[in-house]
Amino acid sequence: MNASERMPPEAALSAHGPMVLRVCTAILGDRERGADAAQDTWLRYLRFKDDNSIDNLGGWLRRVAVACAIDLLRREPPTAQPLEAGESRPAQGPDQGQVLVARELADFVRAQLPRLPESQRIVFRLKTEAELSLAEIAEDLGLALPTVKTHFARACVRLQASLRAFSPEGTHS
Amino acid sequence: MIDHEQAQELLTLRAFGEMDESEANRLALHLGSCADCRRFDQEFAQGIGRLAKLEDPPRADATPPPSVRRVGVHPAPAWRRRLAPLAACAASFAAGICVTLAIHSGSESTPTPPPPPSQRVEGTFARESPPPLATTLGVLTVMARSVPR
Ligand SMILES: [Zn+2]
């Protein structure tokens, strides 16, 4: 965003506000904390918005949102949420012969995510919840794309293994 | 030749549309002779891979870099939006931020000079920390008091 195309703050919020909130909430896994990190992002934007070196406001905001959310995540780590009976898992496990409905699958994944290493968890959430590409995630995290691919793939394999263990006879499939 | 572990990782990337052409070639070689990994592919497609199939329209702000050629079938998923509807939260949050921005815009007679490069946000792991929430709230309070009535 150079001086000639700088947009008013209200327009920046309108254009990028949903993305900032989506990214922060994905990383933190919680809407309230996501809103806190998004607020940090916009406050930082207010400090830097006249900086002529910002040539891609959306990308800049996305990187700052990721940074603010990870900072908050590390300052106040979420408490691990073991999978409690009757909480996130289907009442009796997947019904015999039935597939997990999408909601159950998502609940299952959400319950399992705290068990993943932080790097895998953040990449998985940014990909599946914030809908970023792995290339965008690599850029935002300052990591090489192959590294991000490995984090994401290993998260997927581990989650699939958990799902298999949860449904040992493959009744989810 | 890749091993089973690498092949299964590539299968997950393929399910989410994140595999490039060279990875696809290596995977094809392995799958041709590995029933175990073909079985994993089916299992994954009916398990975690289903998260990739909950399709929504493409994001308006999506900018896939041209250097990444995706070999896969699924656009970005959006199951999260089904699980945690953000619309109401986003609206109220945006309203609050709008107030902040409006307040700030009204005091632009004293523009803040650009920070030195060392203070700019370069990436997730090399940047200053954001202010703690207490500071943030304090800033907002000061801003609110400066609003001309
Ligand atoms: Zn194999």
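Me: What share of the contacts in chain B between residues at least 6 apart in sequence join residues at least 24 apart?

Reply: In this predicted model, 66% of those contacts in chain B join residues at least 24 apart. For chain A, the corresponding share is 69%.

Me: Which secondary structure elements do chains A and B contain?

Reply: Chain A has seven helices and zero strands, and its elements run α-α-α-α-α-α-α from the N terminus on. Chain B has six helices and zero strands, in the order α-α-α-α-α-α along the sequence.

Me: How do you know how confident the prediction is for chain A?

Reply: The mean pLDDT of chain A is 83, and 80% of the residues score at least 70. Among the helices described for chain A, H6 (residues 134-141) has the highest confidence, at 97, and H4 (residues 102-112) the lowest, at a mean of 88. Over residues 82-98 of chain A the pLDDT is below 50, and this stretch has 25 contacts in the model beyond near neighbours in sequence.

Me: Why is the arrangement around the zinc ion called tetrahedral?

Reply: The label requires four donors with all angles between 85 and 135 degrees. The four donor atoms around the zinc ion subtend angles of 99 to 117°, and the arrangement is therefore tetrahedral.

Me: What makes His4(B), His30(B), Cys34(B) and Cys37(B) donor residues of the zinc ion?

Reply: A donor must be an N, O or S atom within 2.8 Å of this metal. The atoms concerned are ND1 of His4(B), NE2 of His30(B), SG of Cys34(B) and SG of Cys37(B), at 2.0 to 2.2 Å, so they meet that cut-off. In sequence these donor residues are spaced H-x25-H-x3-C-x2-C.

Me: Why are His30(B) and Cys37(B) called buried?

Reply: The term applies under 20% relative accessible area. His30(B) has 5% and is therefore buried; Cys37(B), at 0%, is buried as well.

Me: Why is the pair of Trp42(A) and Tyr45(A) called edge-to-face?

Reply: Rings pair if their centres lie within 6.5 Å, and planes over 60 degrees apart count as edge-to-face. By this rule there are seven aromatic pairs over all chains. In one of them, Trp42(A) and Tyr45(A), the centres are 5.3 Å apart and the planes stand at 85°, which makes the pair edge-to-face. These two residues are three apart in helix H2 (residues 31-48) of chain A, so about one helical turn separates them. Trp42(A) is buried, with a relative accessible area of 1%, and Tyr45(A) is buried, also with 1%.

Me: What makes Phe16(B) and Phe44(B) an edge-to-face pair?

Reply: Their ring centres are 6.3 Å apart and their planes are at 65°, so the pair is edge-to-face. Phe16(B) lies in the loop between helix H1 (4-15) and helix H2 (21-31) of chain B, while Phe44(B) lies in helix H3 (residues 35-46) of chain B, so the pair ties together parts that are 28 residues apart in sequence. Phe16(B) and Phe44(B) are buried.

Me: Why is helix H5 of chain A described as largely enclosed?

Reply: Helix H5 (residues 118-128) of chain A has 11 residues, of which nine are buried, so it is largely enclosed by the rest of the structure. Among the buried residues of H5(A) are Gln120(A), Arg121(A), Phe124(A) and Lys127(A).

Me: How do you know that Leu61(A) is buried, and which residues does Leu61(A) touch?

Reply: The cut-off for burial is under 20% relative accessible area, and Leu61(A) has 0%, so Leu61(A) is buried. Leu61(A) is found in helix H3 (residues 57-75) of chain A. Leaving aside residues up to four places away in sequence, Leu61(A) touches His16(A), Met19(A), Val20(A), Thr41(A), Trp42(A) and Tyr45(A). Leu61(A) and His16(A) are 45 residues apart in sequence, and their C-alpha atoms are 7.7 Å apart in space.

Terms used: Residues numbered from 1 in each chain as written. Chains lettered and ligands numbered in written order. Predicted model: local features only at pLDDT ≥ 70, side-chain atom pairs only at ≥ 80, totals over all residues. Heavy atoms only, no water. Phe/Tyr/Trp six-rings, centres within 6.5 Å; stacked < 30°, edge-to-face > 60°. Helix = DSSP H or I, 4+ residues; strand = E, 2+ residues; numbered from the N terminus. Buried < 20%, exposed > 50% of the residue type's maximum accessible area, 1.4 Å probe, protein only. Donors = N, O, S within 2.8 Å, 3.2 Å for Na, K, Ca; no water. Tetrahedral: all angles 85-135°; square planar, octahedral: opposite > 155°, others 65-115°. pLDDT = per-residue confidence, 0-100. Contact = heavy atoms within 4.5 Å.
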